[in-house]
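Here is a short report for a first look. It takes up a ligand site, then a helix.

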Amino acid sequence: MLHHLRKFMYSTSKALPLEQLTRWGLHNTAVIRNASTPELYEIHAMNPFSADPETRQGSISNTGAMVAYSGKRTGRSPKDKRVVLDEQTEQEIWWGNVNIPISKKSHNLLEQIALKFLNTRPRLFVVDGYAGWDPQSRLRIRVFCTRAYHALFMQNMLIKPTNEQLKKDFSDDVDFHIFNAGPMAAPKLVEGVGSETCVSVNLTDKKMVILGTQYAGEMKKGVFGVTHYMFPKQGILTLHSSANEGEDGDVTLLFGLSGTGKTTLSADPKRKLIGDDEHGWSDNGIFNIEGGCYAKCVDLTYEKEPEIYDAIKFGAVLENIEFLSKDSREVDYNNISITENTRVSYPLDFIPGAKNPAVGGHPKNILFLTCDAYGVLPPVSLLTPEQAMYHFITGYTAKVAGTEMGVKEPVATFSACFGEAFLPLHPTLYATMLADKMKQHGTKCWLINTGWSGGKYGVGKRMSLKNTRSIIDAIHSGELANGEFDNFEIFNLRIPKRVTGVPDQILHPKNTWTNKSEFDRTLRSLGEKFQQNFQKYQNKASPEVINAGPKL
Ligand SMILES: Nc1ncnc2c1ncn2[C@@H]1O[C@H](COP(=O)(O)OP(=O)(O)O)[C@@H](O)[C@H]1O
Ligand SMILES: C=C(OP(=O)(O)O)C(=O)O
């Protein structure tokens, strides 16, 4: 049966030139490159509902999405990420907690182990695609992996080349390789490896090895990290943001850490989606780095997020969800027994009206989304250019449960550029580029709290999506920029007096707290945390930017 299937499946029309395999010592003969979605579904569904959660391939949902399980790791593993320290990277990289060094020798050992694994699997998938919609600066990415789910995921997340482009751009070398041997544990005996998981990047030789994690997000964020290294060298700023475009062509960027609302809020029926997570800002404007979206689907309902709900169909990949019943294959979005970080990946064009090509002009508005677990930051405030720099470098939010392993409830965190985990270079480099571009294009910047209101986590409630959406509508209509403002104490932010569709009393968060002195204490304590955090940037930031922070 398997033999028959193989003969049937492995068409040679998209075959990879042999030397592109042998140069790595790859001799697996069952190679499938840029497989069609049905082919991937057939392979994927061969082993549904295996008793062993580590190996179960998965199944298909009642709406036609591929359903897959990533095993033990259901979020990214930032503590297990390594970057090769060599002559080139030694001076360039922002070494520390985010970029943990590993020797070239160890990386090469991991690569050899991964290649052995790829050689011994029943089949090897190759995914070739672009990162970046701007033809002038796009990167050619090649992924080797052994699970149909990973192949479909990356075929969604990279920009799909036509058969002609495949021949022209992907026959020789490419710009970056990913060797995904995720189902195999990392050998702890290799120096520099800290656990059974290791994601090791060699920025000089442009390759990445994944061992001991099958969480698909590791691949897409791996590509993002590389663009953060390569694009700024060409004057292109990389952004951990979503982007959309209004009827008049005005572009908005929505920055934010995981779970703050980039994907949810950028899917807006009144605006065209450019992308939900990763963008570049060049002299030509904004371009999406990806070909697809990767949305959280915990508690998803049609009523709250119709565009995302409807995107869960044939060609989408649902990761780590449970069914309401196995008979119906209907998905239970409220079930978090596997993880809170249930996800769905789908191509951009699954969102009605998404832009193709996914590019836009220079942004008119930038929204910093922060999910404040203390419930003291206002739902919206307008930032001066100096405050914009301060808050960009600070990158305050609460990490919500799920996306990173080990986070169980919201934890206040400061993540530079709203994406510290993906920055190979020092944050002030990206912050300076942002300041220059904002100044050049007259971009306005707003801080939006999509987190708690009426008290901290456990006491208050998450800001309603309806109110956040009304706030964003009022930014887009120009109502807020032209309206009146009050001053918000300690942080000295301008908060609007009124926003259409939003109750006046929630605009100043103190009004939503029953215990006012507790509010004052919590606000002051958050201000202190900001100041403490900013100390590490004190000698690199200008006095104006330092002065734009909270005053106690
Ligand atoms: N006020 C709000 N604004 C944005 N998202 C909210 C809000 N309240 C609840 N949410 C939920 O928070 C999650 C945001 O996730 P997502 O948009 O995928 O974040 P990101 O793309 O930034 O990682 C979604 O599950 C969304 O339903
Ligand atoms: C997929 C990820 O990003 P986000 O949560 O921002 O979508 C991730 O960080 O693993």
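## The site of ligand 2

A residue counts as near a molecule if one of its heavy atoms lies within 4 Å of it. The model is predicted. Eleven residues surround ligand 2. The closest are R76, K221, S258, K262 and R343. By type, the shell divides into six charged, three polar and two nonpolar residues.

Oxygen atoms of ligand 2 have polar side-chain atoms close by. One such atom, in K221, lies 2.7 Å from an oxygen of the ligand. For R76, the distance from a polar side-chain atom to a ligand 2 oxygen is 2.8 Å. Y215 has a side-chain N or O atom 3.3 Å from an oxygen atom of ligand 2. Taken alone, ligand 2 exposes 290 Å², and the protein buries 97% of that.

## Helix α5

Helix α5 covers residues 104-120, 17 residues in total. From first C-alpha to last it reaches 24 Å. That is close to the 24 Å expected at 1.5 Å a residue. The buried residues of α5 are S106, H107, L110, E111, A114, L115, F117, L118 and N119.

## E111 within the helix

E111 has its place in α5. Is E111 buried or exposed? E111 has a relative accessible area of 5%, so it is buried; the cut-off for that term is under 20%.

What does the side chain of E111 make a polar contact with? Its partner is the side chain of K207, at 3.1 Å. Leaving aside neighbours within four places in sequence, E111 is in contact with W24, F179, K207 and V209.

How values were computed: Residues numbered from 1 in each chain as written. Chains lettered and ligands numbered in written order. Predicted model: local features only at pLDDT ≥ 70, side-chain atom pairs only at ≥ 80, totals over all residues. Heavy atoms only, no water. Polar contact = N/O pair within 3.5 Å; in protein donor to acceptor, adjacent residues only side chain to side chain. Areas by Shrake-Rupley, 256 points an atom, 1.4 Å probe, with all protein chains shown as cover. Nonpolar A, V, L, I, M, F, W, Y, C, P; charged D, E, K, R; others polar. Helix = DSSP H or I, 4+ residues; strand = E, 2+ residues; numbered from the N terminus. Expected span 1.5 Å × (residues − 1). Buried < 20%, exposed > 50% of the residue type's maximum accessible area, 1.4 Å probe, protein only. Contact = heavy atoms within 4.5 Å.
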